[in-house]
Amino acid sequence: MHHMDLALNVFFTPKDLKLGKTMPIYFSKNDPSTSPRILPRDREEAASIPFSISKLTYLLEFFSFTQESPQAKASEYTLTQCELEPIRGEAKFCAASIESMLDLVGALFGSSTKFKVLTTTQLKKSTTLLQNYTVLEAPKEILAPKMIGCHTMPYPYAVFYCHSQESENRLYQVLLGGENGERVEAAAVCHFDTSQWDPSHVAFSVLGVQPGSCPVCHFFPADNLVWMPLPA
């Protein structure tokens, strides 16, 4: 199977979220030494690089990417996704620095609101990308009135695509055991209203469902972040 086909093994439905359930799951293994670096916002370098699809030609030249290269296609995809209008009930933004991500998360939650982050943690690591995992403990629901999921995007430097939906979402921590002995404490979310999603969203083809027909859940890779407000 193609690498991207394997990487789609992160979607499931709420009925799968139970003790003893076994399912194939893909967890990317990103090497920090080769991952795109995060640019500090106050660095002159970060401020001088435009982040807009209208500047794509300049950016490809700036990063020395040929127009038909995989890097160019990935950069174009990320810039396009970041400039799409949000769907109804959604707030979204792309952050190219940790500082801007924290500022924008704080603005969505409210300036006086304190917040924390949830991530997927590999407790016992391996290099296997896709394998069968079994739910080892009853999944723990994390009660949060609002959440913001931030996903890493392919780009020459670290870019996070962050979004939050007003419709019902439930956040979980799930302890998983891999067939090779790997253990993962995974963050997962279930979206209960998918009626506004693009019908071509890969989750629908993976699960064999239609928009709005049933909740769609997914696990977060270890390099993704889920922000939630702390109780007042």
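Lys and Arg count as positive and Asp and Glu as negative, while His and the chain ends are not counted; the place of a charge is taken as NZ of Lys, CZ of Arg, CG of Asp or CD of Glu. On this basis, the chain carries 19 positive and 24 negative side chains, and the centres of the two sets lie 7 Å apart.

The model is predicted, with local features requiring pLDDT of at least 70 and side-chain atom pairs pLDDT 80 or more, whereas totals for chains, interfaces and linings use all residues. Residues are numbered from 1 along each chain as its sequence is written, and side-chain values use heavy atoms, without hydrogens and water.

The secondary structure comprises 6 helices and 13 strands, which are DSSP runs numbered from the N terminus (helices: H or I, at least four residues; strands: E, at least two). The C-alpha atoms fill a box of roughly 50 × 45 × 35 Å along the principal axes.

Two loop residues were examined. Ser64 lies in the loop between helix H3 (56–62) and H4. Ser64 is not a glycine, yet its phi is positive, at about 60 degrees. Ser64 counts as exposed because its relative accessibility is 65%.

Pro86 lies in the loop between helix H4 (70–83) and strand E3 (90–95). Its relative accessibility is 38%, so Pro86 counts as partly exposed. The C-alpha atoms of Pro86 and Phe220 are 21 Å apart, and the two residues are separated by 134 residues along the chain.

Note on methods:
Buried < 20%, exposed > 50% of the residue type's maximum accessible area, 1.4 Å probe, protein only.
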